[in-house]
Amino acid sequence: TKGNYRAAVGELDKLLKTPSGANNPTYLAEMGNCHYNLGDFDKSLDYYLKAQENRMNVETSGEDDGPREYADFNTMIGLCFFRKGEFDKSEGYFKKGLEANHLDKVAHMKLGEIEFRRGNYLKAVDYFKFVARDPSYEKEVREYYRKIEAELFKDIE
């Protein structure tokens, strides 16, 4: 929470070395977050993939609360591939992220960016419109819309 990711890596490493920590999806995902924020997308990817693999490895209270929802790390995996420039791989993980949570704004935004890069402007708009009014994305989406409009109408006088 303080943004000191290097210190967090050391503490998380200790937790991951405990018997119950090695396959703990929370510890693994947090380690992935640290490496992502430190710019090491390969290491981050390794931890997110392992967190996804172990996502159902959580202790329960013993009470039967009905069906349980498990964390999904596909969008974070997609972000790692996106940052590495591997857009085809990232696309697949973003789509899996949307299967887990159809309201995932990051996945919508990044899929829009991928379609924009491919020149599939109308597909890009379909993804962008989901986040267009969100203050976190509004300015960036408006800029994409401006570029799309310029591209679509460049030959019209």
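Analyst: In this predicted model, the largest nonpolar core has 15 residues. Tyr36 and Phe94 are the residues with the most contacts inside this core. Four helices each supply at least two of its residues: H3 (41-53), H4 (74-83), H5 (87-100) and H6. Of the helices, H4 gives the most, with five residues.

Leaving aside neighbours within four places in sequence, tyrosine 36 is in contact with Phe41, Ser44, Tyr48, Leu79, Cys80 and Arg83. Another core lies apart from the largest one. This other core has eleven residues, and Met109, Tyr121, Val131 and Tyr137 are among them.

Glutamate 113 has its place in helix H6, which spans residues 105-118. Is this glutamate 113 buried or exposed? Its relative accessibility is 6%, and because buried means under 20%, glutamate 113 counts as buried. Again leaving aside neighbours within four places in sequence, the contacts of glutamate 113 are with Phe82, Phe128, Glu140 and Tyr144.

Helix H1 (residues 5-16) and helix H2 (residues 25-37) have axes that come within 9 Å and cross at roughly 155°. Angles over 145 degrees count as roughly antiparallel, so H1 is roughly antiparallel to H2. The crossing in which H1 passes H2 is left-handed. On the H1 side, the contact is made by Tyr5, Ala8, Val9, Leu12, Asp13, Leu15 and Leu16. H2 contributes Tyr27, Leu28, Glu30, Met31, Cys34, His35 and Asn37. By class, the residues of this contact of H1 with H2 divide into ten nonpolar, two polar and two charged.

As for the chain as a whole, it has eight helices and zero strands, so that its elements, from the N terminus on, run α-α-α-α-α-α-α-α. The C-alpha atoms fill a box of roughly 70 × 40 × 25 Å, taken along the principal axes. Of the 157 residues in the chain, 36% are buried. Among contacts in the chain with a separation of 6 or more, 46% are accounted for by residues 24 or more positions apart.

Terms used
Residues are numbered from 1 along each chain as its sequence is written. This is a predicted model: local features need pLDDT of at least 70, side-chain atom pairs count only at pLDDT 80 or more; totals for chains, interfaces and linings use all residues. Side-chain values use heavy atoms; hydrogens and water are left out. Buried means under 20% relative accessible area, exposed over 50%, partly exposed in between (1.4 Å probe, protein chains only). Contact means heavy atoms within 4.5 Å. Axes are lines fitted to C-alpha atoms, for helices over the stretch in contact, and angles run from 0 to 180 degrees between N-to-C directions. Angles under 35 degrees count as roughly parallel, over 145 as roughly antiparallel, 65 to 115 as roughly perpendicular and the rest as oblique. A crossing is left-handed if the near helix is turned anticlockwise from the far one by less than a right angle, and right-handed if clockwise. Ala, Val, Leu, Ile, Met, Phe, Trp, Tyr, Cys and Pro count as nonpolar, Asp, Glu, Lys and Arg as charged, and the others, Gly among them, as polar. A nonpolar core is a set of buried Ala, Val, Leu, Ile, Met, Phe, Trp, Tyr and Cys residues joined through side-chain atoms within 4.5 Å.
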